[in-house]
Amino acid sequence: LELVPPTLRAVSLNLARRYLTDALAEVYFRWNPRKFASLYHQNMDRATSMLRLADYLLDHEIALTELLRDAYTQGLERRTEC
């Protein structure tokens with residue numbers, strides 16, 4: 001359970017890296033012209049969102065780990081009650 005928040009952070013950082021790479025190469029992600037002026041802008045926006053998510057996960061890692069641990073413990077307690 002302690003690995004879930006850092007794993008999510010690693011996934012978000014990896015996605016940010018892929019979006020930033022594609023912002024320069026524009027070969028992987030498909031462009032949504034209804035929402036973004038260009039594929040570059042789309043990828044930069046998404047990369048920024050992933051970096052914000054990684055920052056949030058880092059800032060709240062202890063609380064998220066405790067929340068997951070508590071939820072897991074409660075789930076085990078409920079299973080033993082049945």
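This is a working chat about the predicted model shown above.

User: What do I need to know about the source?
Analyst: It is a predicted model: local features need pLDDT of at least 70, side-chain atom pairs count only at pLDDT 80 or more, and totals for chains, interfaces and linings use all residues. Residues are numbered from 1 along each chain as its sequence is written, and side-chain values use heavy atoms, with hydrogens and water left out.

User: How many helices and strands in the chain?
Analyst: Three helices and zero strands. Helices (H or I, at least four residues) and strands (E, at least two) are DSSP runs, numbered from the N terminus. The order is α-α-α.

User: Is the chain compact or spread out?
Analyst: Spread out. The radius of gyration is 18 Å, well over the 12 Å that the globule rule gives for 82 residues, so the chain is more spread out than a compact globule. That radius is taken over C-alpha atoms, and the rule is 2.2 Å times the number of residues to the power 0.38. The C-alpha trace spans about 55 × 25 × 15 Å along its principal axes.

User: What share of the residues is buried?
Analyst: 22% of the 82 residues. Buried means under 20% relative accessible area, exposed over 50%, partly exposed in between (1.4 Å probe, protein chains only).

User: Switching to salt bridges. How many in the whole structure?
Analyst: The search finds two. The cut-off is a side-chain nitrogen of Lys or Arg within 4 Å of a carboxyl oxygen of Asp or Glu. One joins glutamate 2 and arginine 69, at 2.9 Å, N to O. Glutamate 2 sits in the segment before helix H1 (4-25), arginine 69 in helix H3 (residues 61-81), 67 residues apart.

User: And which residues does glutamate 61 pair with?
Analyst: Glutamate 61 meets arginine 9 at 2.5 Å, N to O. Glutamate 61 is in helix H3 and arginine 9 in helix H1, so the pair ties together parts 52 residues apart in sequence.

User: Is arginine 9 buried or exposed?
Analyst: Buried, at 19% relative accessibility.

User: Now helix H2. Which residues are buried there?
Analyst: Leu39, Gln42, Asn43, Ala47, Met50, Ala54 and Leu57. They cover an arc of only 125 degrees around the axis, so they are on the same side of H2. The arc is that of the directions from the helix axis to the C-beta atoms.

User: Why would spaced residues share a side?
Analyst: An α-helix has 3.6 residues a turn, so residues three or four places apart point the same way.

User: What do the buried residues of H2 pack against?
Analyst: H1 and H3. Contact here means heavy atoms within 4.5 Å. The face turned away from the buried side carries the exposed residues Arg52 and Asp59.

User: Which residues make up the largest nonpolar core?
Analyst: Ala16, Tyr19, Phe29, Ala47 and Met50, five residues in all. Such a core is a set of buried Ala, Val, Leu, Ile, Met, Phe, Trp, Tyr and Cys residues joined through side-chain atoms within 4.5 Å. H1 and H2 each supply at least two residues of this core. Not counting residues up to four places away in sequence, alanine 16 touches Ala47, Met50 and Leu51.

User: Last one. What does serine 12 touch?
Analyst: Met50, Leu53, Ala54 and Leu57, leaving out residues up to four places away in sequence. Serine 12 lies in helix H1 and counts as buried at 2% relative accessibility.
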